[in-house]
Amino acid sequence: MKSRIIFFTTCGYILICTVLLMLFSCKDDGVIGSLTITEPIGVARGLEYVEVKIPIDTHQLKNNAIFLKDTNDGNLVKGQILNALEVLLDSNLVRCLFPIHIQSNETNMYQVVVQKDEETLTDLKAEGEWLNLFVENEFYKANLTAKRSSKNIPLAPGQITSISLKEYDGIKLERPDIKMHWSPSFQKKNEEYKTMAHLHEFDSIHIDKGPYVISIYRSGKVKGYEEIQLKGEYKFYAGLPFFRFSSEMTMIDSLTVTMLRNDEMTMNKFFTHAFTPLKDGKVKTVILYDKPPLISHYTVKELRKHPIDANANWFGFYNDSTNYGFGSLRIRFDYKNLDGAMSPMTDAQTKISYSYSDGRYWDRRFVDSGELKVPKGSRYFEDNVYSVFKVDSENPSKEIQKLYKQLSNPVLVQYQPSK
């Protein structure tokens, strides 16, 4: 009897140890939640980035990183913690960016795990100090360094000066006397017009460098235009032919303007045509440099009679001989003032304009002509994607339309923390 008791006691001890081992193994596998990703519109995504807010005790991240573990094949993909130096310790919420790929109408399941950190190499890199940066990936190299205008006016770093297109013999999109990306911009009567490139004194600057995204955020007021609070943020991505720029102009005091613009890109003679979608689904094509025969095309001059909608979904320039293009995809805009009513605009439109030495540029105009009193609390926000794209000679807008459809319909993401 005594030996039987010893046998059962031993078996019970082994069983308890096995259960405890299993419990501790479950705790030590690093799983903190699950992620479900669904492709909603029947468009396969070769590469897309998803941002997830993850509740986690931040001490767990010491020497560790957050990964997605594919429940089908067990593959791990490391995430990039955004604003890692500013993680909110009181809420323990971490924003994390993951690269994913997914087939059309597919739903994928992942475990979210915390494991030992490891180096992640991508094509995205930044060179330089502070805001004087060059940011590049396999598709382009963006120059954000300081510059002086033809009038010897200093233009601050942090705003795009030029973009070199790597797939097209390094063609450099730029203008000789100003920044290439020339917005937001504004002007009072009898005053020099200014842009975010004239912002030299900052309320806030934040530069976040990671393997998947490099972001550059600035805010402040341009001297002489203290009524306007400016915010702007670039996001440059690994493995993608585009970057993102979101901006906001908020009037902290009333002022009267003769010009108020955004989404302005100014370039030398690199392109032959401009194009944009119409409300009926057709695409309007415009010859940038007038030459006969015009056939069914519009001209830049003709657009004065029939302007392009201010909020056209996308707009771009392309070259019909080298078959490349560069365009703006208007992902989101919000012109509500701080009280929820619409901020004022007059003669709003998207416009193509001439510049000296055969330059051409486009911009979105909230005020195209005359004077407009803009009350305190008015606000103009927009979020645009700027992309390099290939041009099909039979259907030039094919790639930019496909990209707009994808970006305006991101994958659906649902995070569930472990219990």
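**Questions about pockets, sheets and cores**

Author: In this predicted model, strand S22 contributes the most to the lining of the second largest pocket, with four residues.

Reader: Thanks! Which residues lie nearest the centre of the second largest pocket, and how many line it?

Author: The lining has 21 residues, and those nearest the centre are Lys 151, Asp 177, Ile 178, Trp 182 and Tyr 193. The space in this pocket comes to about 410 Å³. S22 (259-267) and S28 each supply at least two of the lining residues.

Reader: How does the lining of the second largest pocket divide into nonpolar, polar and charged residues?

Author: There are nine nonpolar, five polar and seven charged residues.

Reader: Which strand gives the most to the lining of the largest pocket?

Author: That is strand S2 (residues 45-55), with seven residues. S2 also belongs to an open sheet of three strands, in the order S2-S6-S5 with antiparallel pairing.

Reader: Why do S2 and S5 stand at the edges of that sheet?

Author: Each has a single partner strand, so one side of S2 and one side of S5 (80-81) is left without a neighbour in the sheet.

Reader: How do you know that S2 and S6 pair?

Author: Two strands pair if there are at least two bridges between them. S2 and S6 (residues 93-102) have nine bridges, in the antiparallel sense, so they meet that cut-off and count as paired. As one point of the pairing, Tyr 49 stands opposite Pro 99 in S6.

Reader: What makes S15 and S16 a pair?

Author: Two bridges join S15 (residues 185-187) to S16, and the strands run antiparallel. The cut-off is at least two bridges, so this pair qualifies. Ser 185 has Thr 195 in S16 as its bridge partner.

Reader: What is the strand order in the open sheet of five strands?

Author: The order is S16-S15-S22-S29-S28, with antiparallel pairing. S16 (194-195) and S28 are its edge strands, each pairing on one side only.

Reader: How many residues lie between S28 and S29 in their hairpin?

Author: Three residues lie between them, and Ser 357 in the turn has a positive phi of about 60°. The two strands, S28 (residues 349-355) and S29 (residues 359-367), run antiparallel and are joined by seven bridges. In one of these, Ser 355 has Gly 359 as its partner in S29.

Reader: Why does Leu 372 count as buried?

Author: Leu 372 has 12% relative accessibility, and that value is also under the 20% cut-off, so the label holds. Leu 372 is placed in strand S30 (residues 372-374). Not counting residues up to four places away, Leu 372 touches Leu 255, Val 257, Met 345 and Thr 346, among others. From Leu 372 to Thr 346 the C-alpha distance is 7.2 Å, across 26 residues of sequence.

Reader: Which residues touch the most other members of the largest nonpolar core?

Author: Phe 236, Phe 243 and Phe 326 do, in a core of 79 residues. Phe 243 is in contact with both Phe 236 and Phe 326, and its other contacts beyond four places in sequence include Tyr 140, Ile 160, Met 265 and Tyr 386. A second, separate core has 21 residues, including Leu 61, Ile 81, Val 94 and Cys 96.

Reader: For the whole chain, what share of residues is buried?

Author: Buried residues make up 49% of the 419 residues. The chain has two helices and 32 strands. Among contacts between residues at least 6 apart in sequence, 66% join residues at least 24 apart.

Definitions and conventions: Residues numbered from 1 in each chain as written. Predicted model: local features only at pLDDT ≥ 70, side-chain atom pairs only at ≥ 80, totals over all residues. Heavy atoms only, no water. Core = buried A, V, L, I, M, F, W, Y, C linked by side-chain atoms within 4.5 Å. Buried < 20%, exposed > 50% of the residue type's maximum accessible area, 1.4 Å probe, protein only. Contact = heavy atoms within 4.5 Å. 1 Å grid on protein atoms, 1.4 Å probe; cavity = no way out; pocket = protein on both sides within 12 Å on 5 of 7 lines; lining within 4 Å. Points joined across faces, edges and corners; volume = space filled by probe spheres on them. Nonpolar A, V, L, I, M, F, W, Y, C, P; charged D, E, K, R; others polar.
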